[in-house]
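Please open the model in your viewer and display the ligand together with its surroundings.

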Amino acid sequence: MSDAAFDELLEFVEDELAFATSHYNDSYLDRRVSSRMRRTQSETYATYLETLRNDPEEQTALLEAMSINVTGFFRNPDVWDGIREVLQRLTATNETVRVWSAACADGREPYSVSMLAHDDPEIDESSVSILGTDISEPALETARSGVYEESRTVDFADQLGYLDDYDAYVERDDRIFRIAPAVKRNVTFERHDLINDSPKTGFDLVICRNLFIYIDNEYKQSMLATIAQSLRQQGYLVIGKAETIPPNLKSAFTVRDARLRIYHRDTLETTSLTGEKPTSK
Ligand SMILES: C[S@@+](CC[C@H](N)C(=O)[O-])C[C@H]1O[C@@H](n2cnc3c(N)ncnc32)[C@H](O)[C@@H]1O
């Protein structure tokens with residue numbers, strides 16, 4: 001395997017296809033490229049690059065393969081027990097509870113929050129507002145529509161089985177599942193890029209799961225700094241079960257549940273978020 005050829009391939013994808021390969025870690029990129037190489041029977045990165053240069057359809061196929069859009073309703077059910085407890089605690093003590101599902105893909109994560117709020121008698125759903133954001137416009141389009149089609153490999157009924165009875169929250173027509181209007185009402189969507197866009201403010205809970213695993217360390221830090229600044233003091237953060245907080249941001253968070261990756265936002269001093277010393281006046 002030639003690193004130079006791999007780098008040249010990534011350069012082409014970054015410059016000509018406008019996909020920010022530098023944000024992602026090499027092992028993730030290599031897995032995606034290798035799967036396209038198998039499909040196109042390209043033996044080397046160089047031959048695959050040749051195919052890519054000359055075949056617009058392959059360019060689209062590679063971009064699709066590189067976009068990380070795997071998601072689900074109530075993904076990792078045990079984590080949702082933790083999110084349930086956080087929502088119960090927040091709605092017991094706050095008139096309004098603001099939740100941000102950052103990198104929400106096609107919206108199944110923020111809709112899961114809304115369904116949970118409606119379903120749990122200890123959570124006052126009227127106080128909960130949920131913002132779902134993602135970098136991908138096509139994903140947000142599906143999210144806004146709230147209409148999902150089951151495929152052979154995805155079983156929505158199984159995913160929604162986290163709730164005892166989900167009939168009130170989705171309308172089902174064979175393989176099409178539509179989110180019920182009452183569940184949609186608590187959720188809004190907008191585009192937000194966690195690397196390049198500004199932090200938000202005052203969130204009580206940020207859920208950002210299964211994105212950091214793909215991201216280069218340097219960008220992971222800046223994404224988490226953006227999230228930390230978007231949380232109010234003592235606000236909660238939930239990250240993916242296979243993800244960790246980078247060492248230089250650990251002081252910004254207290255662990256609430258190590259296994260479920262639930263944290264508290266500790267201090268609002270921006271020094272602990274950037275590692276930079278404050279500038280003296
Ligand atoms: C694997 S999905 C995770 C979806 C959901 N959070 C979950 O755990 O099921 C990762 C999402 O991150 C989005 N994404 C990638 N880069 C991003 C960025 N810089 N800012 C915001 N979202 C991004 C992708 O478009 C994709 O929808």
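Select the shell around the ligand: by class, it has 10 nonpolar, 4 polar and 5 charged residues (Ala, Val, Leu, Ile, Met, Phe, Trp, Tyr, Cys and Pro count as nonpolar, Asp, Glu, Lys and Arg as charged, and the others, Gly among them, as polar). The model is predicted, with local features requiring pLDDT of at least 70 and side-chain atom pairs pLDDT 80 or more, whereas totals for chains, interfaces and linings use all residues. Residues are numbered from 1 along each chain as its sequence is written, and side-chain values use heavy atoms, without hydrogens and water.

In total, 19 residues surround the ligand (a heavy atom within 4 Å), and the closest are I68, T71, R75, D134 and N210.

Next, select N210, where a side-chain N or O atom is 2.8 Å from an oxygen atom of the ligand. Move to D193: one of its polar side-chain atoms lies 3.0 Å from a ligand nitrogen atom. For Y24, the distance from a polar side-chain atom to a nitrogen atom of the ligand is 3.4 Å.

The ligand sits in the largest pocket (more than half of its atoms lie within 2 Å of the grid points). On a 1 Å grid over the protein atoms alone, a pocket is an open set of points where a 1.4 Å probe fits, with protein on both sides within 12 Å along at least five of seven lines; lining residues have an atom within 4 Å of a point.

Finally, select the lining of the largest pocket, which comprises 44 residues, with S67, I68, D134, I135 and S136 nearest its centre.

Terms used. Polar contact = N/O pair within 3.5 Å; in protein donor to acceptor, adjacent residues only side chain to side chain.
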